[in-house]
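Keep the picture open beside you as you read.

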Amino acid sequence: MFTFYFLLFILSLRRFTSIIVDKLKEYKVAFRGLSEGEHNFEYMLDSRFFDCFEATKGTDADIKALAKIVKTSLLMEVRISMEGTVKATCDRCLGVFDLAVKGEMNLYVKQAERDSGNDDYYIVMAPDDDYLDLSSYLYETYMLNYPIRVVHEEGECEAGMKDVLEKYIVDDDNKTTDPRWDELKKLINN
């Protein structure tokens with residue numbers, strides 16, 4: 001009797017943890033049931049999506065992503081495109097603003113034995129796999145199209161921070177130098 005209840009407990013625990021752990025299940029596509037042709041899937045990437053990844057926890061975004069899957073008998077072509085806004089902090093004035101993010105990615109999926117592995121052009125799925133998880137590819141598309149330097153448009157930085165920046169930025173044209181350095185610069189220029 002104890003083993004029956006223990007087995008029941010383990011099965012319910014497994015089901016409970018799979019519900020908690022699989023927060024990204026809405027980004028999985030059951031490709032086995034797809035007919036040949038073109039299929040479109042629309043996703044919203046918001047704070048719930050970005051909280052699943054360590055590097056972007058707390059990101060407030062409103063991004064619409066479209067995954068277009070073209071399935072043939074040999075492979076699937078996945079075209080991911082996204083467009084939207086994300087709350088970003090300006091690197092210059094530290095002001096928060098809506099940053100426009102837009103990007104695309106093309107993937108190719110084929111079925112083969114797992115030993116062949118992924119290469120640069122294809123995602124390899126085992127014949128017994130039922131789902132294609134697009135969450136990591138959506139995240140990768142976002143991260144590759146997020147700018148390295150985030151700044152407001154020219155003239156839109158916060159006025160208070162602009163005054164502080166002007167106070168501490170040194171103007172190289174009006175800066176006086178030590179005459180000894182000028183003599184050393186003459187030696188370098190010769």
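Residues are numbered from 1 along each chain as its sequence is written, and side-chain values use heavy atoms, leaving out hydrogens and water.

Now find Arg79 in strand E4, residues 75-89. Helices (H or I, at least four residues) and strands (E, at least two) are DSSP runs, numbered from the N terminus. Is Arg79 buried, exposed or partly exposed? Arg79 counts as partly exposed because its relative accessibility is 33%; buried means under 20% relative accessible area and exposed over 50%, with partly exposed in between (1.4 Å probe, protein chains only). Leaving aside neighbours within four places in sequence, Arg79 is in contact with residues including Leu66, Val70 and Met105, where contact means heavy atoms within 4.5 Å.

Next, look to either side of E4. Eleven bridges join it to strand E3 (residues 61-71), and the two run antiparallel; Val70 stands opposite Glu77. E3 and E4 form a hairpin with three residues between them. Strand E5 (residues 96-111) is joined to E4 by 15 bridges, again antiparallel, with Ile80 opposite Met105. Two strands pair if DSSP finds at least two bridges between them.

Step back, and five strands form an open sheet in the order E2-E3-E4-E5-E6, with mixed pairing. Strands E2 (37-45) and E6 (123-125) stand at the edges with a single partner strand each, so one side of each is left without a neighbour in the sheet. E5 and E6 run parallel, joined by three bridges.

How far can you trust the picture? The protein chain averages a pLDDT of 81; pLDDT is the predictor's confidence in each residue, from 0 to 100. Confidence is highest in E3, at a mean of 94, and lowest in helix H1 (residues 2-21), at 49. Where pLDDT is low, the predicted coordinates should not be read in detail.

Methods: Predicted model: local features only at pLDDT ≥ 70, side-chain atom pairs only at ≥ 80, totals over all residues.
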